[in-house]
Amino acid sequence: MELLLVKNYEELSLKAAEKVADAVKSNPRIVLGLPTGSTPLGMYKELIAMNKEGKISFKHVVTFNLDEYEGLSKEDPNSYYRFMNDNFFRHIDIEKDNTNILDGMSEDIERECREYEEKIAKCGGIDFMILGIGNNGHIGFNEPAEFFPSFTHRVKLTDSTIEANSRFFDSIENVPKYALTMGIKSIMHCKKIMLLASGKAKAEAIKGTLQGPITPKLPASVLQLHRNLTVIVDEEAGALLKTV
Ligand code: F6R
């Protein structure tokens, strides 16, 4: 595992963007796995700037997003479809057809999840997955549980996630209770993973993830078993890590 401790969110965003840019330069047809949320926003801004300056191109890049809320339409301001378009895709030279996001409005959720996995496989698997982490240690929407969920599936969100994500909604009642998410197996099959964490709300989860036991009660802890993992944390998120 490569662990990078950086000073603050700005440094984290720049470092993460540089890692993605290097990966895209070395494989212009790379398949990326992408998160939403507050954490990657700075990274997306840096990547947009690099793209506008002509330093990298996303022309042949393929993307798969980690998750989507159930029941929100593509136009809904809180859908991850909207988030990705507003914060990344429409500012770069990516082909719309090369971007993939689960359809939270699908009438057949099981089929939607199965076909998503099939599409990932057809593209040769995900080369580089970028992850944020929930305060409760979730990755994607794989919530703390008694077992590690495997492939893309429907999930009931925990109260802690609903509360954390309510900051984006008018009221907590409007936060969807269910979501579709890549599973732990889908994530662990990615060839390379980069986990990002910023701020003190993430410090406990990061400590457990990197230095605690591997347990589905802290889903991100499974990443200790991945053979090509980079973790970038800022001072606040890394504050509880023991240095050896
Ligand atoms: C989002 C996702 C989630 C977030 C996590 C952290 O696609 O998969 O696991 O990465 O909830 O969210 P932020 O970055 O908003 O703290």
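Q: What are patches made of?
A: Patches are made of residues with over 30% relative accessible area and no salt bridge, where like charges are joined within 9 Å and nonpolar side chains (Val, Leu, Ile, Met, Phe, Trp, Tyr) within 5 Å. A salt bridge is a side-chain nitrogen of Lys or Arg within 4 Å of a carboxyl oxygen of Asp or Glu. Here Met1, Leu3 and Leu5 form a nonpolar patch on the surface, with about 310 Å² of accessible area together. Areas come from the Shrake-Rupley method with a 1.4 Å probe, and for residues only the protein chains shown count as cover.

Q: What kind of model is this?
A: This is a predicted model, where local features need pLDDT of at least 70 and side-chain atom pairs count only at pLDDT 80 or more, while totals for chains, interfaces and linings use all residues. Residues are numbered from 1 along each chain as its sequence is written, and side-chain values use heavy atoms, with hydrogens and water left out.

Q: How many aromatic pairs does the structure hold?
A: The structure holds eight aromatic pairs. In Tyr69 and Tyr80 the ring centres are 4.8 Å apart and the planes meet at 45°, so this pair is tilted. For the cut-offs: rings of Phe, Tyr and Trp (its six-membered ring) pair if their centres lie within 6.5 Å, and planes under 30 degrees apart count as stacked, over 60 as edge-to-face and the rest as tilted.

Q: What makes the pair of Tyr80 and Phe141 stacked?
A: The planes of Tyr80 and Phe141 are 15° apart, with 6.1 Å centre to centre, and that makes the aromatic pair stacked. Tyr80 sits in helix H3 and Phe141 in the loop between strand S6 (128-131) and strand S7 (153-156), so the pair links distant parts of the chain, 61 residues apart.

Q: Which residues do ring pairs link into a cluster?
A: Ring pairs link Tyr44, Phe58, Phe88 and Phe89 into a cluster.

Q: How do you know that Arg154 lies over the face of Tyr178?
A: Arg154 is 3.9 Å from the ring centre of Tyr178 and lies over its face. A charge sits over a ring if NZ of Lys or CZ of Arg is within 6 Å of the ring centre and within 35 degrees of the ring normal.

Q: How do you know that Glu53 forms a salt bridge with Lys55?
A: The closest N and O atoms of Glu53 and Lys55 are 2.8 Å apart, and the two form a salt bridge. Both Glu53 and Lys55 are exposed. The count comes to 11 salt bridges.

Q: What ties together parts that are 36 residues apart in sequence?
A: Lys59 and Glu95 meet in a salt bridge (2.6 Å, N to O). Lys59 lies in the loop between helix H2 (41-52) and strand S3 (62-65) and Glu95 in the loop between H3 and strand S5 (99-100), so this pair ties together parts 36 residues apart. Lys59 has 38% relative accessibility, so Lys59 counts as partly exposed, and Glu95, at 35%, counts as partly exposed as well.

Q: Which residues of H3 are buried?
A: The buried residues of H3 are Tyr80, Phe83, Met84 and Asn85. What covers these buried residues includes strand S2 (31-34), H2 and helix H5 (159-165).

Q: What is Ala179 in contact with?
A: Setting aside neighbours within four places in sequence, Ala179 is in contact (heavy atoms within 4.5 Å) with residues including Tyr69, Phe141 and Arg154. Ala179 is buried, with a relative accessible area of 0%, and its place is in strand S8 (residues 178-181).

Definitions and conventions:
Helices (H or I, at least four residues) and strands (E, at least two) are DSSP runs, numbered from the N terminus. Buried means under 20% relative accessible area, exposed over 50%, partly exposed in between (1.4 Å probe, protein chains only).
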